[in-house]
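Here is a short briefing for a first look. Start with the sequence and the model below.

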Amino acid sequence: MVLRSAPHAEAWVNAAQTDRMDILTSSDLTRHAMQDPLRVVGLTKTYGPPSNRVTALAGVTTSFAAGTFTAIMGPSGSGKTTLLQCASGLDRPTGGTVHVDGREFVQGGEAAATRFRRTRIGFVFQQYNLLPTLTALQNVTLPMRLAGRKVNRRQCMDLLEQVGLAGFVDRRPTELSGGQQQRVAIARALASRPSIVFADEPTGALDGTSAAEVLSLLRRAVDTYGQTMVMVTHDPIAAAFADSVVFLADGRIVGTMKNPSAAAVSEQMLRLDLARRNDGPR
Ligand SMILES: Nc1ncnc2c1ncn2[C@@H]1O[C@H](COP(=O)(O)OP(=O)(O)OP(=O)(O)O)[C@@H](O)[C@H]1O
């Protein structure tokens, strides 16, 4: 998918394997995307003073359909994490809007943003972000307790069982391997049944076997519960677990790929790197 408004888009379409990509106009996007659980429109994010401005997002418009798994890829510094953080309410965009479950997320102060994140969104981070003093089960129930919601202990135990940790519920993070900690983090992210789960490099700190297990769990969350998964990754093998890949460069969407294979993703990443080198520093 290439948004026609994106600069370099024509070049990208020419350079890429166009048979794997759709061309989407902004009216198509509007028509199809209004009901999607997550939609971002004209998202911009700049850092620093005008004299030294960094543009991390330069107007990103896209939509994530229910029950789909999308990987966000792009060269270092292309804006992947910034997109994830702005789309999830962890950070405030400079411009543009975020729509979750058809409603615009209005940046109404930290309390509102926190409430929004706790009820509608799950997060999985590269470094797991588990609380070291709590057991696996307590880590999973924590977001519900923080949100003042009744804890469904049985459901949390079931989730830990589903991620293969039935015998580990009373262990603290230091007593678990990296892969096991990430599986606790996935159970925690899924416990409140959020409509959208954001994952930022969820396999970045894992070996190949643990990474495949974690990715299979994310895939299963999409297929079983219809959750919408948005994952930032550098790894083409991880991206191949997704239904589609959105490619970013210089804070813009420059293409998407449906039904990605690791080989096709690697090839597109190489093309992007090459295009960037040919363009020189911005
Ligand atoms: N807090 C900040 N202050 C200033 N510039 C920032 C800040 N956060 C990010 N940036 C800049 O914004 C741009 C996009 O950063 P971002 O972390 O979103 O990229 P990325 O694609 O996730 O990179 P990587 O793959 O290396 O993690 C980069 O040029 C980065 O240096």
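Ala, Val, Leu, Ile, Met, Phe, Trp, Tyr, Cys and Pro count as nonpolar, Asp, Glu, Lys and Arg as charged, and the others, Gly among them, as polar. This is a predicted model: local features need pLDDT of at least 70, side-chain atom pairs count only at pLDDT 80 or more, and totals for chains, interfaces and linings use all residues. Residues are numbered from 1 along each chain as its sequence is written.

**Ligand shell**
- The shell around the ligand holds three nonpolar, eight polar and one charged residue.
- Among the residues surrounding the ligand are Tyr47, Val54, Gly77, Lys80 and Thr81; such a residue has its C-beta atom, placed from the backbone, within 6 Å of the ligand.
- E4 and helix H3 (80-87) each give two or more residues to this shell.
- H3 gives the most, with three residues.
- Helices (H or I, at least four residues) and strands (E, at least two) are DSSP runs, numbered from the N terminus.

**Open sheet**
- Six strands line up as E8-E9-E10-E5-E11-E12, with mixed pairing; two strands pair if DSSP finds at least two bridges between them.
- Strand E8 (121-125) and strand E12 (252-258) are at the edges, each with a single partner strand, so one side of each lacks a neighbour in the sheet.
- E8 pairs with strand E9 (residues 196-200) in the parallel sense over five bridges.
- Val124 stands opposite Ala199 in E9.

**Pro50**
- Pro50 is in the loop between strand E3 (38-47) and strand E4 (54-64).
- Pro50 counts as exposed because it has 6 C-beta neighbours inside 10 Å; exposed means 12 or fewer other C-beta atoms within 10 Å of its own, buried 20 or more, and partly exposed in between, with C-beta atoms placed from the backbone.
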